[in-house]
Amino acid sequence: MHLAYPAVLSALLFCTGLYGVLARRNAILVLMSVELMLNAVNLNLVAFDVWLSRTAEETLHSGQALTLFTIAIAAAEIGIGLAIVLAVHRNRGTADIDRLRDTAEGHESAPSDEPADDDTAPAAEKAEATA
Amino acid sequence: MTTTTLAVLVPLLPFLGAVTGLLLGRTAPGFVRPLAVLPTLASLVLAAIVAVRQGGDAAVDAATELTPTGSVPVELALHIDGFAALVALVVGLVATCVQVYSTGYLRDDPRYPSYAALVSLFTSAMFLVVYSGDLMVLLVGWEVMGICSYFLVGHYWETPEARAASIKAFLVTKLGDVPFLIGLFALATDAGSFRITKVLGAVAHGGLDHPTLIALLLLAGVAGKSAQFPLHTWLPDAMAGPTPVSALIHAATMVAAGVYFVARLLPVFEASQAAMVVLAVMAAVTMAGSGLAALAQDDIKRVLAYSTIGQLGYMTGALAVGDRGAAVFHLVSHGAFKALLFLAAGVIIHAAGTNSLAAMSRMSGLRDRVPDAFWTMTVALLALAAIPPFSGFFSKESVLGAAEHVSTGHTEHAPAAAGWIVLVAGLLTAVLTAAYATRLWLLAFRGRGAETPDHGRQPLTMTVVLWVLAVPSLALGGFAYRSLPDWFDGRDLAPTLATSVLGTGLALVGGLVVHSAWRHTTARAARAPLGAVAAHPGGDAGLVEAEAIATHTPAYGDVASAPDPADPGRLLLGPLHRHAATGFHLDAVYTTLFVRPVQTGASLVRFLDREVVDTYVRGAGTLPRWLGTAVRRAQTGNVQTYVSALLAGTVVLVVAVLLVATGA
């Protein structure tokens, strides 16, 4: 198989993931997009490892080893990420990234990006943000 | 041990005592008193051994050069001649007495450890000045004394008087020390060495190119340190320090350093006739002015301070007529009786609860409360007034005799004009000295009015010291004037008949005039009640004195004088009294000439700093602040925006790298 096929597939996957990370509102979907990007990279690693080891005398298959490493890291990452999202959702009742703007400049003095019908008082929200 | 080793140990021991005392003062308070007294006592013993071994013979010289320092070498050198040996003995005696006295005087003072260490450091510096054979090493001791004086005058820094006095003492002496330093450099450049022996050798061969300039520059430092006109104004104010400090620093040692320095380098000054005349005029103005001012002071310690200035005037007068033997003779005897006067004054202030003579003149029975202070102070005042056979008589007559000798043109050392100036001023001052000594004695001990409150016996350490010092005040002059010439230049120090009769007669006249004036005015004392007594008479002497100083201005309206119509000084001085009490307005003149311009300059600098320099600084800060406000707007809090910006940046960088790599 020519190297171009996995490379193009990986590029498509990566761009899809990137789009998801940049454009999705839901934090869970953003995390899934991150997974897509990671897997695109994994695909690249495996493909190039095969391509390079074809000509080499002897190889350690470092690409494949690195892929396993990335999968392990990704599992840990998604675990922690989902836990955070769950905790945020439990506290705020939402996982919408656009509404999680506690680090914005002037956030404390002007909480205007919060909907007016939100029942959490600013003081309570501050306490949650620090919790 | 050799004489050199012993002589090195003399300044070293108090220095080590001071360092240990400062380090151990808080952790081991039990060692503070031994550490204060014993090194000084050991130094006294060693100085005595050095003096015995030296014996007025050829000077002991030793020098070692630590490291080459460029053009003119600085050496650790000793030069011990008869002058150095004897002056060191006096320094050791007075310092030991003061340390012993302080253990009683500052019994309950929380800052006693640092006080005792500073007194030890001061003693060590004075020994260094006395023994040093190198002018740079001498300058080190000279300046250490200056800074110790600053700290010790400001010992009661809770009172504004003490703070102001310590800063004034430091600044005024430094005003003299800057020309002094330049003078030392000029002298070393001309003579090619800082060693005193080599400098004197160069002078003897006429090797000085600018003798007048050098002598005048050095005189500025001497005037500052020895409190001579016009740099004497710090000394009366320095009485805000504890009394033992006044006794040690402002009577017997530090102020003597200037006189001692001139005595060491007298040939340098003799090389310039102009410098000798300037010295004579300085001495004359100092003597007469301080005598008048002393007659008008109300604070007992300020009387003694002005008297110190006057007696130092006698010493510089003796130097101006080229007789350093007489000068150092008077220095030695004055060191003894002036230290005694101050220490006795400390006892009196403690017993009376006030430092004001006006208040003391309204107390009866003070002399029965402090009999030791009464008798020793009487001895010291008689010595001060130069009544035979007390030691002050012999030393003062030797000064007057030297002046008379020069004024008749018998010598080529000094111009006859200097002799006349010193002689006339000296005789005038003899009258004034006797007058203020009598006034002090009458007001302090012959007061009438309420009984002096009884504060119990004075500590033994304070009274024993008085008697120790009373012995040299009484007998030193009479026994020493025959043997001292062997230690000095060999010039005769015996009193001559003419000046003795004249001087003693004038002193008696001064005393009798004040006595009759006192009899005339004392009746008024009862009609004008006056007086304020310290609030804590049961406290230690240092506390009582600090309170007395602090209450003088609120009680009497002025730190120096009191509105007392029963004061014989006020009757005698008449309209002059007002001016004499303020030291002839010299402080006001200095305020106008120096303090005001400096303060105006300071406020100008403050204005420039606040309004001009700061404007630039604030302007420089404005632009970054605007930029920061603009950049802050990018912080939306939306993570996706940040990541988008990150991606855009990465893309731009990748494109740029690719373009560069392909060479497009």
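In what order do the elements of chain A run from the N terminus on? They go α-α-α-α. This is a predicted model, where local features need pLDDT of at least 70 and side-chain atom pairs count only at pLDDT 80 or more, while totals for chains, interfaces and linings use all residues. Residues are numbered from 1 along each chain as its sequence is written, and chains are lettered from A and ligands numbered from 1 in the order in which they are written.

**View 1. Chain A and its helices.** Chain A has 4 helices and 0 strands (DSSP runs numbered from the N terminus: helices are H or I, at least four residues; strands are E, at least two). Of its 131 residues, 8% are buried, meaning 20 or more other C-beta atoms, placed from the backbone, lie within 10 Å of the residue's own.

**View 2. Where chain B meets chain A.** Here 10 residues of chain B are in contact with 10 residues of chain A (C-beta atoms, placed from the backbone, within 7 Å). Helix H28 of chain B, residues 639-662, gives the most to chain B's side, with 4 residues. That side has 2 nonpolar, 6 polar and 2 charged residues; Asp, Glu, Lys and Arg count as charged, Ala, Val, Leu, Ile, Met, Phe, Trp, Tyr, Cys and Pro as nonpolar, and the others, Gly among them, as polar.

**View 3. An annotated stretch of chain B.** An unreviewed UniProt entry lists residues 132-407 of chain B as "domain: NADH:quinone oxidoreductase/Mrp antiporter transmembrane". Over residues 132-407, chain B is 79% helix and 1% strand, with its end C-alpha atoms 34 Å apart.

Note on methods: Buried ≥ 20, exposed ≤ 12 C-beta atoms within 10 Å, placed from the backbone. UniProt positions renumbered as here; feature names shortened; annotations may be inferred. Contact = placed C-beta atoms within 7 Å.
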